[in-house]
Amino acid sequence: MNFIVNGVRAVVFGLHAHVFLFQSKVYTLVLLELPGLLFFSTYTLLVLFWAEIYHQAKNLPTGKLRIIYIAVNSFIYVIQVCIWIYLGITDNPLVELVCKIFISVVSFVALLGFLIYGGRLFFMLRRFPIESKGRRKKLYEVGTVTAICFTCFLIRCIVVPVSSFDTDLSLEVLDHPILDFFYYMLTEILPSALVLFILRKLPPKRVPGQYQPIR
């Protein structure tokens, strides 16, 4: 999913000058905003993974977690597609502003997910015996990834609405390459690289029905 997100973003950046040449602005908005939605789905999948671990450790039901993940993502994509369709029919600046606010709300949802389940998992791991094998490593992984993802989605929550109200800070023009560079570096490229590096080692395969202690 990281490969898809960064691949789509790379294509958009590579054709950046042509992205703004569409007669209908909605096509430009789709190309610019779709990678951000895919980025949301990618990292809320990590929240889902942590939520399942937390619920299993607390003997709580996990069956509805994936349904919630699919429902939330489906709802967000449906709303976003409806906004794009409406913008394709009528070029309304107010709806375009609503679209930006919606992207900010989506980022806040992801931020909240990392804060709740990343924080819960971190404090649960801290209660493990100090001599537990791998405790320090898991604490580092969960704490660092939570901090990175929380920060990148927080930046999105702040920058997107500010840029939508202040035309001098717009991220959708060719006049601010340095601003665009720092924004996407802090909200997509650097977080993806750091998270992939921190979680570069996959956990061992689990035997179905067998409890695997944290290592």
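# A tour of the aromatic rings

Start by selecting Arg120 and Tyr117. The charged end of Arg120 sits over the ring of Tyr117, 5.4 Å from the ring centre. Keep in mind that this is a predicted model.

Next, select Arg200 and Phe197. Arg200 lies over the face of Phe197. Here the distance to the ring centre is 4.2 Å.

**The whole chain**

Now zoom out and colour by secondary structure. Follow the chain along its sequence and the pattern reads α-α-α-α-α-α-α.

Switch to a surface view. The chain exposes about 13,100 Å². Carbon and sulfur atoms supply 71% of that area. Of the 215 residues, 38% count as buried.

Then turn to the contacts. Take those in the chain with a separation of 6 or more: residues 24 or more positions apart account for 71% of them.

**Ring against ring**

Hide the surface and show the side chains of Phe, Tyr and Trp. How many aromatic pairs are there? The count comes to eight, with ring centres within 6.5 Å as the rule.

Select Trp50 and Phe114. Their ring centres are 6.0 Å apart and their planes stand at 90°. Planes over 60 degrees apart count as edge-to-face, so the pair Trp50 and Phe114 is edge-to-face.

Trp50 lies in helix H3, residues 25-57. Phe114 lies in helix H5, residues 93-126. The pair therefore ties together parts that are 64 residues apart in sequence.

The cut-off for buried is under 20%.

Move on to Tyr183 and Tyr184. Their ring centres lie 4.9 Å apart, with the planes at 75°, so this pair is edge-to-face. Tyr183 counts as buried at 8% relative accessibility. Tyr184 is buried as well, with a relative accessible area of 8%.

**Last stop: the cluster**

Which residues do ring pairs link into a cluster? The members are Phe39, Tyr43, Trp50, Phe114 and Phe153.

Key
Residues numbered from 1 in each chain as written. Predicted model: local features only at pLDDT ≥ 70, side-chain atom pairs only at ≥ 80, totals over all residues. Heavy atoms only, no water. Phe/Tyr/Trp six-rings, centres within 6.5 Å; stacked < 30°, edge-to-face > 60°. Helix = DSSP H or I, 4+ residues; strand = E, 2+ residues; numbered from the N terminus. Buried < 20%, exposed > 50% of the residue type's maximum accessible area, 1.4 Å probe, protein only. Lys NZ or Arg CZ within 6 Å of the ring centre and 35° of its normal. Contact = heavy atoms within 4.5 Å. Areas by Shrake-Rupley, 256 points an atom, 1.4 Å probe, with all protein chains shown as cover.
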